[in-house]
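Good morning, and thank you for coming. I would ask you to look first at the sequence and the structure, and then to follow me through the main features.

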Amino acid sequence: ATAPRPPAFGPAWTDPLTAADIAAAAADPRTADDWRRLGETLLATGFYPQAEAAYRTAADLAPRNPDAAFDHGFALDRLGRTDPADAAYRQAAALGSPRAADAWYYVGRNRLRAGQPDAAADAFRRADGVPAARHELAKLAYRAGRVDEAVSAEREL
């Protein structure tokens, strides 16, 4: 099998300093960590589709790495690809990611956007310790007419 190749970048794509940073990160990625660093550089410089491709390669190279799964989900999220992003976030959480609570918050947010309040509430409950998730649960309770529950939850925040 042919090794994946990073995208080509140069001054025509961006300013020379950013192009140099990208070129350095893309010099010869071999490991999942190399691909994650490239993805991080691309994401930080606004090249979201290319970042998603780099993170996907990292996740493919290290399918049991929760950080690679989370990063891939985050890049997919930036592209508005919420269903595959949620799958990657769920995988990251299942693999024991230290950012599992954040992953569940993002899943909840995406389920809200998809018009799935019950699935969103389930995900927000799993986002243990994320204040924004607790706030979203309070808003969902309010919308469902459970005003006392919503007010109580907001006071706790």
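This is a predicted model: local features need pLDDT of at least 70, side-chain atom pairs count only at pLDDT 80 or more; totals for chains, interfaces and linings use all residues.

Residues are numbered from 1 along each chain as its sequence is written, and side-chain values use heavy atoms, with hydrogens and water left out.

The protein has nine helices and zero strands; helices (H or I, at least four residues) and strands (E, at least two) are DSSP runs, numbered from the N terminus. Its C-alpha trace spans about 55 × 35 × 25 Å along the principal axes. Of the 157 residues, 43% are buried, where buried means under 20% relative accessible area, exposed over 50% and partly exposed in between, with a 1.4 Å probe and protein chains only.

Let us take helix H8, residues 131-143. H8 has 13 residues and reaches 19 Å from its first C-alpha to its last, close to the 18 Å expected at 1.5 Å a residue; the expected span is 1.5 Å times one less than the number of residues. Ala133, Glu136, Ala138, Leu140 and Ala141 are buried in H8. Their cover includes helix H6 (100-113), helix H7 (117-126) and helix H9 (147-156). Just after H8, Gly145 takes a positive phi of about 85°.

Ala133 also leads us to the largest nonpolar core. Such a core is a set of buried Ala, Val, Leu, Ile, Met, Phe, Trp, Tyr and Cys residues joined through side-chain atoms within 4.5 Å. This one holds 21 residues, and among those that touch the most other members are Phe70, Trp104 and Ala133. Two or more residues each come from helix H4 (66-78), helix H5 (82-94), H6, H7 and H8, and H6 gives the most, with six residues. Neighbours within four places in sequence aside, Ala133 is in contact (heavy atoms within 4.5 Å) with Tyr105, Phe124 and Ala127. A second, separate core has 14 residues, including Trp35, Leu38, Ala54 and Ala62. In soluble globular proteins, nonpolar side chains tend to be buried together.

Ala54 belongs to helix H3, residues 48-61, where it is buried, as are Gln50 and Tyr55 among others. Helix H2 (32-44) and H4 are included in what covers the buried residues of H3.

Which helix supplies the largest share of the lining of the largest pocket? It is H8, with six residues. A pocket here is an open set of points on a 1 Å grid over the protein atoms alone, where a 1.4 Å probe fits, with protein on both sides within 12 Å along at least five of seven lines; lining residues have an atom within 4 Å of a point. The largest pocket has 15 lining residues, and Leu137, Leu140, Ala141, Arg146 and Glu149 lie nearest its centre.

The residues lining the second largest pocket include Pro4, Ala27 and Trp35. Ala27 is found in the loop between helix H1 (16-25) and H2. Ala27 counts as exposed because its relative accessible area is 62%. Ala27 and Leu38 are 11 residues apart in sequence and 9.3 Å apart in space, C-alpha to C-alpha.
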